[in-house]
Amino acid sequence: MSELAPPWVLLAELTHRCPLHCAYCSNSLKLTGRDLELDTAEWVRVFTQAAELGIVQLQLSGGEPLLREDLDALIGAARELELFVQVLTSGIGLDRRRAEALARTGVDWIQLSIQSAAASSGDRIAGFKAHAHKRDAASALVEAGLGFTLNVVLHRRNIDELEAIAELALDWGAQRLELANAQYYNWALANRSALLPRASQLQRAERVLEELREELAGKLELVWVLPDYYERRPKPCMGGWGRVSMTVAPDGRALPCPVADTIESLALDSVRTRTLSWIWEHSPAFAAYRGIDWMRSPCRDCPRREIDFGGCRCQAFALTGDAVRADPVCDLSPDRVLIDDALAAAGATSDIRLVYRH
C-alpha cells in the first residue's frame, strides 16, 4: 500500500437532519438519526486523523450542518489542524450573528444552495418556504466578508432558468456559481422521471452556458457539472473509486464516495472502530473497485479503463443490481438501453408529482 497516494479531501456529513425536503437529495433513503451521530470529540479525532493522513480540504455538510450546536467548535478544531474548511449549507438559520461567528472561526468558504431563481418554484422544489431565508443568508455572508459559491442542482423544473439564476448569483454577491446537473441516486433516483430534463432543454442550457461564460468572464466563475445520462462515456467515479476522497457519514461509517452505502454488498468500516488511515489503506470497501483488476469486459478491454475507471459503481448497482457491471451511461455497456429508455420516457412524460425527502 506504500504506492497508494493519500486522499486530499474529506466530506464530513455531520448530520442528516435538515429543514428542507429536496426531491433530488443524495442522502440515503434511510436517514441517520440524531442519536447515532458522532459527537464533538469523535469528529475532532476524525479531523486529526485526516490531517495526519494528508488530507488538506474538509467539507462540512449534512443534511444541514448549521443544526449541529458544536459547528463552531468543529470548525475551530479543523482550522487549528490547518485544514481548508468549507461549509455546505441550505442557509436556513444563517443570519448575521451566525455568519459573523463563522467568520470568527476562520471558515475558508461557504457553499450556499438554492433551488430556483424564483421563490415560488424554489420553495416548491425544496418542500419548504426557504428562498427568502437563502437571500437573507447570502446578505449575511457578504456583510461578514465571507466568500461563497451559489450551488443549484439542475433538472427539468429549473434548467430553463440559467440566465435568471446567474443574475441572482450576481445580485446576491456570490463569487462562484455551480450549476450541478442532477445525479440520480437515492431521492433523485426515486424522482428521476419527474426530474430528468428533456434533450431540448439541455441543448438550450448548454448554449446559454457558453453565452454566460463569455458575458460574465471576470465577474462570476461558472462551474458546470455534466448531466451524465446524456453523455456517451461515463464520468470517473469521484476521480476513481478510493483514489482522491473519503466521506464519513453522520454515524461514522467511512465511504469511498458519498452514496457508496447504496451498494448493498459493501461492508463499510466505521471511524469508531478503525482509524482513517487504516480505512483508506486496508478497508475492503475502499479496495473493492480501485484500479482495474476488478473489471469485467467491456471495461477490462477498453482503452479508457484508466481514464473513467469503468464509470460510477453506485450507478451501475442502482440500475443493474451489480456494481461490477459497466456504468450503463457508457454506450459500450450492454445496459445502455436502461439509460436510453429513461431518456425516452423523460421526453414523453408531463410533470409528475415529486416524492420529497422525509
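Partly exposed here means a relative accessible area between the buried limit of under 20% and the exposed limit of over 50%. These close-ups come from a predicted model.

Figure 1. Glutamate 143 has a relative accessible area of 48%, so it counts as partly exposed. This is one entry in a count of 20 salt bridges.

**Figure 2. Glutamate 210 and arginine 213 pair up within helix α9.** Here the side chains form a salt bridge, at 3.4 Å from N to O. Why do glutamate 210 and arginine 213 lie about one helical turn apart? Because they are 3 residues apart in helix α9 (residues 199-215). Both ends are partly exposed: glutamate 210 comes in at 46% relative accessibility, and arginine 213 at 34%.

**Figure 3. Arginine 232 reaches aspartate 340 in a salt bridge.** The closest N and O atoms are 4.0 Å apart. This one links distant parts of the chain, 108 residues apart: arginine 232 is in the loop between β7 (221-225) and β8 (245-248), while aspartate 340 is in helix α13 (residues 336-348). Shared partners then join Arg232, Arg233, Asp331, Arg336 and Asp340 into one salt-bridge network. As for accessibility, arginine 232 is partly exposed at 40%, and so is aspartate 340 at 33%.

**Figure 4. Tyrosine 289 and tryptophan 294 make an edge-to-face pair.** The model has 5 aromatic pairs by count. In this one the ring centres are 5.4 Å apart and the planes sit at 80 degrees; planes over 60 degrees apart count as edge-to-face, so that is the label the pair gets. Are these two residues buried or exposed? Both tyrosine 289 and tryptophan 294 are buried. Widen the view to take in Trp241, and you'll see ring pairs linking Trp241, Tyr289 and Trp294 into a cluster.

**Figure 5. Two arginines sit over tryptophan rings.** Arginine 274 lies over the face of tryptophan 278, 3.8 Å from the ring centre. In the other pairing, arginine 290 places its charged end over the ring of tryptophan 280, at 4.7 Å from the centre.

Conventions: Residues numbered from 1 in each chain as written. Predicted model: local features only at pLDDT ≥ 70, side-chain atom pairs only at ≥ 80, totals over all residues. Heavy atoms only, no water. Buried < 20%, exposed > 50% of the residue type's maximum accessible area, 1.4 Å probe, protein only. Helix = DSSP H or I, 4+ residues; strand = E, 2+ residues; numbered from the N terminus. Phe/Tyr/Trp six-rings, centres within 6.5 Å; stacked < 30°, edge-to-face > 60°. Lys NZ or Arg CZ within 6 Å of the ring centre and 35° of its normal.
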